[in-house]
Amino acid sequence: VPTHAPERFLPLPGLSYHVLLALGEGAAHGWAVIKRIRELTEGTSNPSSGSLYLAMVRLQDDGLIAESPTPAGDDARRRYYCLTPLGRAVARAESQRLERLVRRARALDLLQEPK
Amino acid sequence: MPRPDDAAARRLYAALLRLLAPAWLRRRAGAEMCETFAERLRAAGSPRERRREIAREIGGLVRVAVVARVRQPARTPVRRAPRRSALDAVRQDVRFALRAMRRNRAVAALAALTLAVGVGVSTAMFSVIDAVLLRPLPFDRPERLVLVNPTIEEWKHSPSLQSMWQRGRFSPPEMRGWLAAQRSFEAAGGFTAGSARVPNGGGAGSERVGVAQATSGLWAALRVRPYLGRLPGERETDSVAVLTYAFWKSHLGGDSTAVGGGATSGSTSGRCA
């Protein structure tokens, strides 16, 4: 288990955070990750395969995600990825950081639609 | 069911990946990138959406290729060139230089010519400067030797003669008067330089050699001693010839019996210059 402090990775690049969130739902292959990211960002983020895999290679090198075995019955050429405990901790720390920002925005009355 | 033109798009994507992306990224994610690209095409609904996805993928690939080259992951091992000895390095440099010259002969020839002219000009200039400025005169205590010329004031403002006004010549009576009167120098002598025609060293024909008439004081001023024979004394006037060592060797064959002989009343050979 990697012993890095999750705060070391903050603030996380947007795409990396989206990948962690997508894999938070469970192990997935690249195309499934893209589809989940499109869903959870309501279509505002639609990364290319190149951008996605460059981000995933770096997350893998940092120990935030790891390869997981391909589920039985799926195409064996597909590689599946999942969150590591460190990845989960980093996703939590980044979410808390964003939540604090959102709280601040709400305090400044920036979250409500203008009446 | 993949459409027939999917294959062409996939080949294009694979070719661009090979061309643009750094090797480490291809090795680690190349196959998956191609696979994900194909799945995205299959998922595209309309032809228009398909075109948009292809454009997005290729744009992303180009951007990623640039970013991935700039920021390589630290754990990618960097292959270092094997250590070479200094001699190997020189050998390799020489081989490279020869190859480059063979490939571009005109440039090589021009460079060689430039070097040759440069070296030649520098050598010639140094030879002149060395002989004229650096090397002392071949006499004892050359720093105390002075050449005296009379000045001619009237020439100072003449356009054609002004360059010569400090380099006048003594007439023989002037010279005798000056030599008798001067007290500034330890020894002084006068000479006039010219040339004369003499029989060739080999016997056939004649040739012109440099000669000078000199007063006997010149030998004391130059502090020279004869290699052979004697130098003319004060009483003798124009009847004694002094030969240079080179002339004695080339025209008289270095014959020591030539001293005292010859057409004039007494010949002696001069000191080797």
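This is a predicted model: local features need pLDDT of at least 70, side-chain atom pairs count only at pLDDT 80 or more; totals for chains, interfaces and linings use all residues.
Chain A contains four helices and two strands. Along the sequence, these elements follow the order α-α-α-β-β-α. Of the 115 residues in chain A, 43% are buried. Contacts across the sequence were also examined. Among those in chain A that link residues at least 6 apart in sequence, 50% join residues at least 24 apart. The accessible surface of chain A amounts to about 6,500 Å². Carbon and sulfur atoms account for 52% of that surface.

The interface with chain B involves 21 residues of chain A and 25 residues of chain B. Together, the two chains bury about 2,000 Å². Carbon and sulfur atoms contribute 49% of this buried area. Three residues, A:Trp31, A:Arg58 and A:Asp61, provide 29% of the area that chain A buries against chain B.

Ten residue pairs are in polar contact between chain A and chain B, with both residues at pLDDT 80 or more. Four salt bridges are counted between the two chains. One of the residues forming a salt bridge is B:Glu39, whose partner is A:Arg78. Their closest N and O atoms lie 2.3 Å apart.

On the side of chain A that touches chain B, two elements each give two or more residues: helix 2 (30–40) and helix 3 (49–61). Helix 3 of chain A makes the largest contribution, with nine residues. By residue class, this side of chain A comprises seven nonpolar, eight polar and six charged residues.

How values were computed:
Residues are numbered from 1 along each chain as its sequence is written. Chains are lettered from A and ligands numbered from 1 in the order in which they are written. Side-chain values use heavy atoms; hydrogens and water are left out. Contact means heavy atoms within 4.5 Å. Buried area is the accessible area (1.4 Å probe) that two parts lose on being put together, summed over both. A salt bridge is a side-chain nitrogen of Lys or Arg within 4 Å of a carboxyl oxygen of Asp or Glu. A polar contact is a pair of N or O atoms within 3.5 Å; within protein, one must be able to donate a hydrogen and the other to accept it, and residues adjacent in sequence count only if both atoms are side-chain atoms. Ala, Val, Leu, Ile, Met, Phe, Trp, Tyr, Cys and Pro count as nonpolar, Asp, Glu, Lys and Arg as charged, and the others, Gly among them, as polar. Buried means under 20% relative accessible area, exposed over 50%, partly exposed in between (1.4 Å probe, protein chains only). Accessible areas come from the Shrake-Rupley method with a 1.4 Å probe; for residues, only the protein chains shown count as cover.
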